[in-house]
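Trainee: Could you take me closely through the surroundings of the ligand, with the terms spelled out as you go?

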Amino acid sequence: MHLLIPAAGSGKRMGAAVNKLLLPLLGQPILAWTLQAADRASSIEWIGILSQPGDWPAIKQILAAMDLSTPVQLLQGGATRQESVCKGVEYLYGWGTVERVLIHDGARCLATPELFDRCSAALQQVDGLIAGIPVKDTIKVTETGPNGIQIQSTPERSRLWAAQTPQGFRLSLLWQAHQEALAQGWQVTDDAALFEKLGWPVYIVEGEETNLKLTTPLDVLLAAQILQQRFNPAR
Ligand code: C5P
């Protein structure tokens, strides 16, 4: 399975001056944890990292320190996550030989190799899937008006799932979906949303509660705890 890792963001919501994926987490950069998990997944045969050229020296340094067994290529990312993925999809589609692809956010550095393998296996049966977990909170749909943020409705919780990555797709369909998004000016925050807009089915694979997306400094603290527990459970 070919894997694209969008890693071309900034550190804005993290309050950092650099790409948050380059920040340290228990002795190695956040991106290194993501790469380590993907490399240990037996189903992953190639990794493309969508990133800003300004980050390439730092990413090359990370790769040099890791000795991964999976081939890794640096690809230029875009101004949004959607644009970054689009560039990666276009690149792979150009090969003419790749049938399916997984997309995994570099910021979800706690995903396990087993999750990658579960998604790869499930993607042999369907054309679109995402990792997801059932929502625990009651979710409110709101509208902001002159008097504040007003609740509009409460969706039935049993039908709500929190979307994670990996997300996996038949490459030709994902390429088509991104072309349509460009033509229509659609802006989405994950790739499944493009399939949904086109009425194409996307299925859920059981994700992992620990598969956090590191967005704020609190997430980094939580991630450190989880990794500590995972790799040194006796401490
Ligand atoms: O900002 P956020 O964490 O939601 O971004 C999700 C993922 O998309 C991150 O791994 C980030 O590096 C990536 N991204 C990207 N290109 C951008 C913006 C974000 O690849 N222009």
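Mentor: A polar contact is a pair of N or O atoms within 3.5 Å; within protein, one must be able to donate a hydrogen and the other to accept it, and residues adjacent in sequence count only if both atoms are side-chain atoms. This is a predicted model, in which local features need pLDDT of at least 70 and side-chain atom pairs count only at pLDDT 80 or more, while totals for chains, interfaces and linings use all residues. Residues are numbered from 1 along each chain as its sequence is written, and side-chain values use heavy atoms, with hydrogens and water left out.

With that in hand, a polar backbone atom of Pro6 lies 2.8 Å from an oxygen atom of the ligand, and for Gly106 a polar backbone atom is 3.2 Å from a ligand oxygen. Ala107 likewise has a backbone N or O atom 3.2 Å from an oxygen atom of the ligand. On its own the ligand has 460 Å² of accessible area, of which the protein covers 86% (areas come from the Shrake-Rupley method with a 1.4 Å probe; for residues, only the protein chains shown count as cover).

Around the ligand there are 16 residues, the closest being Pro6, Arg13, Lys20, Ser84 and Lys213, where a residue counts as near if one of its heavy atoms lies within 4 Å. Sorted by class, this shell holds six nonpolar, five polar and five charged residues; Ala, Val, Leu, Ile, Met, Phe, Trp, Tyr, Cys and Pro count as nonpolar, Asp, Glu, Lys and Arg as charged, and the others, Gly among them, as polar.
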